[in-house]
Amino acid sequence: MSDRIGVAVIGCGLVGAHRARTAAADERTTLRLVIDTQPQRAALLASEHGVDAGSDWRTALTREDVSVIVISTPNALLVPIGITALRTGRHVLIEKPMGRNVTEGRALAAEARRAGTVLKVGFRHRYRESLVQARAMVRAGTIGRLIQLRARYGYGARPEHEQEWRADAELAGGGALLDEGVHVVDLFHWFAGPAQRAQAELQTAVWDLGRLEDNAFGLLRFGAGVVGQFHVGTTEWKNLFSFEIRGDMGAIHVEGLGGSYGPESLTLTRRPQSGVDVEVSRMDFADHDSSWSAEWSDFAAAFHGEGMRHGSPEDGLQVLATVDALYAAARSGSAIAIAPAPPPRGIHAR
Ligand SMILES: NC(=O)c1ccc[n+]([C@@H]2O[C@H](COP(=O)([O-])OP(=O)(O)OC[C@H]3O[C@@H](n4cnc5c(N)ncnc54)[C@H](O)[C@@H]3O)[C@@H](O)[C@H]2O)c1
């Protein structure tokens, strides 16, 4: 028990609660403190785990028994808190999108390089079983040469959404593209490498979000001629996750995330070798989301010096560079070339 690394979670909303449970359950970490500016939220989560509660995030950085900081606050606070935490020598798990734009992301990544501690970005879908299987199939050549990616990801927001931080341009930094879109872009990069060119259309179709979009449509060009297309939004009245990967010999369709997104499944379709019969096989996954614990385990491995599979600062910067280009493309109405992100460096990626 005493060997366990102490963790503080800053921001006790939906995601902070998941992080707290995961940190408490992992055999290498122990939850010490939860913090939220809404004291009742921190108190509730603290009582669930029998740990301390606070309302000022700075107190977490004065605790000697805390070496790991999870930052699950609104987007505008991710980078300022992250930079301060790294300066005090803490390992940091920062929620996606890692910052409101690539400039903020770069400042954070630079601080992590100076600090020499682990900075991980929360892109948990890379740990989702169906997508892990899909990626292994693509790498094994099961669908031949990769040619296209197509994704739809969305939920139906509640009217109260218009009063929350996600509807505040300053706090959120972006709409659906920066919220769900970053997950899709990260998955596209995982399958096809960095995007090279971006085109986009944004729409504010239903919600009163000022200048923020409630829907984003993106078209991305990758190396080797791969094309990716996506639609994300908060007007998907029945929650939806659909991710298709097409090769010249077959296709993979991952659907559902469990719960309100429907059962998680993977359908593999193989192009007929001869004749017309298409081979179709399906895998179904349990309605238990293990991505939170798998992601945490990867983070814990990293701060034990074992390297990290996903969510490096470079992964995060790559996503923010693509998302910034998508926003620029939507504003200009033309395709925008995406500058290559700096090469991976440091101890954070393997
Ligand atoms: N990895 C994922 O799958 C995933 C999913 C959803 C959201 N997120 C990210 O997680 C972060 C939080 O999203 P959420 O849905 O949990 O939001 P939320 O609104 O449910 O929770 C945010 C919490 O932060 C608290 N907070 C605000 N300012 C604070 C401060 N200065 N100090 C401490 N706490 C403060 C709020 O009171 C609130 O309880 C966002 O960056 C979001 O993009 C990640």
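**Backbone, burial and helix packing**

Me: Is methionine 98 buried or exposed?
Reply: Buried means under 20% relative accessible area, exposed means over 50%, and partly exposed lies in between, with a 1.4 Å probe and protein chains only. Methionine 98 has a relative accessible area of 0%, which means that methionine 98 is buried.

Me: What pLDDT does the protein average?
Reply: This is a predicted model, where local features need pLDDT of at least 70, side-chain atom pairs count only at pLDDT 80 or more, and totals for chains, interfaces and linings use all residues. Residues are numbered from 1 along each chain as its sequence is written, and side-chain values use heavy atoms, leaving out hydrogens and water. The pLDDT is the predictor's confidence in each residue, from 0 to 100. At least 70 is reached by 97% of the residues, and the protein averages 95.

Me: What is omega for the cis peptide bond that joins lysine 96 and proline 97?
Reply: Most residues other than glycine have a negative phi, and most peptide bonds are trans. Proline 97 lies in the loop between β5 (91-95) and α4, where helices (H or I, at least four residues) and strands (E, at least two) are DSSP runs numbered from the N terminus. The bond from lysine 96 to proline 97 is cis, with omega about 15°.

Me: What is phi of methionine 98 near?
Reply: Methionine 98 has its place in the loop between β5 and α4. Phi of methionine 98 is positive, although the residue is not glycine, and is near 80°.

Me: Is alanine 224, with its positive phi, buried or exposed?
Reply: Alanine 224 lies in the loop between β9 (215-222) and β10 (227-233), and phi of alanine 224 is near 55°. The relative accessibility of alanine 224 is 75%, which means that alanine 224 counts as exposed.

Me: Are α3 and α4 roughly parallel or antiparallel?
Reply: Two packed helices are described by the angle between their axes and the distance between the axes. Axes are lines fitted to C-alpha atoms, for helices over the stretch in contact, and angles run from 0 to 180 degrees between N-to-C directions; under 35 degrees counts as roughly parallel, over 145 as roughly antiparallel, 65 to 115 as roughly perpendicular and the rest as oblique. Here the axes of α3 and α4 are 9 Å apart, at an angle of about 10°. The two helices are therefore roughly parallel.

Me: How many nonpolar residues does the contact of α3 with α4 have?
Reply: From α3 the contact takes Val79, Gly82, Ile83, Leu86 and Arg87, and from α4 it takes Glu104, Ala107, Leu108, Glu111, Ala112 and Ala115. Nonpolar covers Ala, Val, Leu, Ile, Met, Phe, Trp, Tyr, Cys and Pro, charged covers Asp, Glu, Lys and Arg, and the others, Gly among them, count as polar. By these classes there are three charged residues, one polar and, as the nonpolar number, seven.

Me: What is the handedness of the crossing of α4 and α10?
Reply: Helix α4 (residues 102-115) and helix α10 (residues 313-332) have axes 9 Å apart at an angle of about 165°, which makes α4 roughly antiparallel to α10. A crossing is left-handed if the near helix is turned anticlockwise from the far one by less than a right angle, and right-handed if clockwise. The crossing of α4 and α10 is left-handed.

Me: Which residues does glycine 105 touch, not counting residues up to four places away in sequence?
Reply: Glycine 105 has its place in helix α4 and is buried, with a relative accessible area of 0%. Beyond those sequence neighbours, glycine 105 touches Met98, Leu317 and Leu320.

Me: At roughly what angle do α8 and α10 cross?
Reply: In this contact, Val182, Val185, Asp186 and His189 of α8 meet Asp315, Gln318, Val319, Thr322, Val323 and Leu326 of α10. The crossing is right-handed. The axes of helix α8 (residues 181-192) and α10 come within 9 Å, and they cross at roughly 115°.

Notes
Contact = heavy atoms within 4.5 Å.
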